[in-house]
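Visitor: Could you walk me through this one? I'd like to start with the overall picture and then go into the packing.

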2 protein chains.
Amino acid sequence: MVPRLTTALSGPLLDLERRFLDNSTAIEHWLRGQWQEHTPPFYASCDLRNSGFKLAPVDTNLFPGGFNNLNPAFLPLCVHAAMAAIEKICPDARNLLLVPENHTRNTHYLQNVARLVHLLSLTGLNVRIGSLLPEITAPTPIELPNGETLLLEPLRRGPHRIGLDGFDPCAVLLNNDLSAGIPSILRGLHEQFVLPPLHAGWAIRRKSNHFAAYAEIATAFAEHIGVDPWRINPAFAVCRSVNFHERHGEECLAAQVASVLDDIREKYRQYGISESPYVVVKADAGTYGMGVMTVRDADEVIALNRRQRNKMSVVKEGLEVSEVLIQEGVPTFETVSDAVAEPVIYLIDRYVVGGFYRVHGNRGKDENLNAPGMHFEPLAFETSCSLPAPGCDPDDPPNRFYAYGVVARLAALAAAVEIERTEPQDE
Amino acid sequence: MVPRLTTALSGPLLDLERRFLDNSTAIEHWLRGQWQEHTPPFYASCDLRNSGFKLAPVDTNLFPGGFNNLNPAFLPLCVHAAMAAIEKICPDARNLLLVPENHTRNTHYLQNVARLVHLLSLTGLNVRIGSLLPEITAPTPIELPNGETLLLEPLRRGPHRIGLDGFDPCAVLLNNDLSAGIPSILRGLHEQFVLPPLHAGWAIRRKSNHFAAYAEIATAFAEHIGVDPWRINPAFAVCRSVNFHERHGEECLAAQVASVLDDIREKYRQYGISESPYVVVKADAGTYGMGVMTVRDADEVIALNRRQRNKMSVVKEGLEVSEVLIQEGVPTFETVSDAVAEPVIYLIDRYVVGGFYRVHGNRGKDENLNAPGMHFEPLAFETSCSLPAPGCDPDDPPNRFYAYGVVARLAALAAAVEIERTEPQDE
């Protein structure tokens, strides 16, 4: 079940979307059963691509940073979902510590933090913000463009607990993806819940683990509703010791690119798809759309120039890239005002709570849109039509959007399985 | 946490509403703790009256019949809340049997049933409708004004289970308030969940038990946030053997009316309220606004004429009234287009999922609005302002509405306690 959102598409529902709608009862029942077995991540956002013939997640973020882009009309959904999540974790909780990214000037991001504080407060928690920044040595107010103020406070560590001066939280919610590694101040907390767990941060997490879990889930799900799993599952491969600077591992990369392109070509032939196959090469760990490259031929990764090699070799926090994911490219055929758009779906616990379009006027339909200069277009809500229903037109936006919510939930389920499987033995 | 609704009020928030807003974190935490102790009703609707100096529930319905009056934009809230409720009861459920009221021509009510079927289906349940009507001996389609069709099917009873032909449900959801008594076909089901339980129906339920539980909860809550419990708690008394036809019990009635009026007068004096005190006399069991009377002086109940006595003596299904509730009248100072209005808040599980105004152009602010000829005005949603927040104006409609959601949840909590306490020993 998803909120009603306007999509960038019009025209009749595609066969895949129609299949999801027709099977919505079976789908919801299947998902309910899965959530009995697997604990959903506290929150997540999922980047989707919809090519008409394929609807697939291309990235699942466990530290979502765009809650401020959600339509405020959906905040009650966020709050109800967060209530459900909190009740499972520490029902008696009064205090929650939020640990954000180390930004003090990125007002877009800080508005996300403010929105998180707001919605978590509405669940009945005292929420305060503990900063990992060494320069935050005393409570530091940060003014936001809308007139609100965020108070960043220095973290205080005891033998087994973390908190702030005069603030002992039951749970620590990370909105910092730990790209810079796991800070020692967060290690060895045995009496507090850390959400998501430390190994969900990019210091340890690998996209390939996520998409391996997703492939299994997508296959089981697709069989359940009678579609080819390829319709929702992007093919991928991994190279584990690449050094772009020193041009090590290019052969592995070229071979894997060729192999994934072959797989795509085979499927395009099977379904009579005339698009040109491509893959997206990206760091297996990391975020922010750095270290991402669109490739249409294996030879391209051999002949990278210095600028391309530099771009691919580091991601956020200067982390060196050595493990690389080669992922099937899913072209997007959605546009907002003539610009290419990809939907980003937000989840809290097992609930879809909203979403927005990531829009980039200067990029092609086969390019990564999560990049500097990208323009966000929040998804508008439909308020005049009813929810997915037999009585509605098949190209009704809410009907169209149902499929997005389903695929995003499959990705969240994959994240749940991935987190279970990658849990360190000594944690 | 409540959806954002437009209220009929404008102007600065009243002191009570301000107090709720300022204490929202403490309130949500308190409620979360209460829901750990008490299982909320599957669903409920709560009629509120807001007099400015007092905001109180005057009726809590455990078989809500107006889901079709909720703004469709809030359906995702309903679905998420119903998912949470279903997971607690029978997480593996595939089939749910809905037992509606015995109406086949009341299209307003049937649209409520259709809305319930729709939202429950979206949680991943197969939902079918079993009718208690003896004339439904085969599956009977009923056309609705919007072109949809409801299929009423005859109930089939086994030794321990109830169902339909070819349909064995895990749970039975009653949308029939059992005013006509508990049908034998619903008794002695030991292997299925019946929601709400049979003793929540008007065959057994008494408003006085509800308001006794509410008084305790309101007192504990009001102490927690530092307000006089009277601000949210309507005084009441009961007469247990009244016969309006034979004019028995008039003395009890007059004495109790006088006593409640005295209590109100005392409080009005304390707070300098210039309104004229009144009580509402109504059947202790039953619904639909029959058997309801506004009284300003104890003498009025002695001198009832034949027409008034007839009106008071029966409620729905011809049930004879012998137990009577005398409830403090709370005048409403809300209006919609110059007509008197009272908010009706809908809940599923512990979540507020929407509401609408009950509006009656021909009635006074001290009269019962749930009466024949009443005109419903669904509450419109605000989509342009953010949720309750320190940064919002104090007379922001969502801020105003927060208090309604809190009081409605207190009433739902009272219903939970009431149902626990009145559970038959042999059930």
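Guide: Gladly, and please keep in mind that this is a predicted model. Of the 427 residues in chain A, 61% count as buried.

Visitor: How many helices and strands does chain A have?

Guide: Chain A contains eight helices and 18 strands. Among its contacts with a separation of 6 or more, 71% are between residues 24 or more positions apart.

Visitor: Switching to helices: at what angle do α2(A) and α5(A) cross?

Guide: The axes of α2(A), residues 24-37, and α5(A), residues 207-225, come within 10 Å and cross at roughly 145 degrees; the crossing is right-handed.

Visitor: Which residues meet there, in α2(A) and α5(A)?

Guide: From α2(A) there are Ala26(A), Ile27(A) and Trp30(A), and they meet Ile217(A), Ala220(A), Phe221(A), His224(A) and Ile225(A) of α5(A). By class, the residues of this contact divide into seven nonpolar, one polar and no charged.

Visitor: Now the largest nonpolar core, which residues touch the most other members?

Guide: That core has 92 residues, and those touching the most other members are Leu119(A), Ile348(A) and Val353(A), together with Leu119(B), Ile348(B) and Val353(B).

Visitor: What is Ile348(B) in contact with, leaving aside its neighbours within four places in sequence?

Guide: With those neighbours set aside, Ile348(B) is in contact with Leu119(B) and Val353(B), and also with Phe42(B), Tyr43(B), Phe67(B), Cys78(B), Ala81(B) and Ala82(B).

Key. Residues are numbered from 1 along each chain as its sequence is written. Chains are lettered from A and ligands numbered from 1 in the order in which they are written. This is a predicted model: local features need pLDDT of at least 70, side-chain atom pairs count only at pLDDT 80 or more; totals for chains, interfaces and linings use all residues. Side-chain values use heavy atoms; hydrogens and water are left out. Axes are lines fitted to C-alpha atoms, for helices over the stretch in contact, and angles run from 0 to 180 degrees between N-to-C directions. Helices (H or I, at least four residues) and strands (E, at least two) are DSSP runs, numbered from the N terminus. A crossing is left-handed if the near helix is turned anticlockwise from the far one by less than a right angle, and right-handed if clockwise. Contact means heavy atoms within 4.5 Å. Ala, Val, Leu, Ile, Met, Phe, Trp, Tyr, Cys and Pro count as nonpolar, Asp, Glu, Lys and Arg as charged, and the others, Gly among them, as polar. A nonpolar core is a set of buried Ala, Val, Leu, Ile, Met, Phe, Trp, Tyr and Cys residues joined through side-chain atoms within 4.5 Å. Buried means under 20% relative accessible area, exposed over 50%, partly exposed in between (1.4 Å probe, protein chains only).
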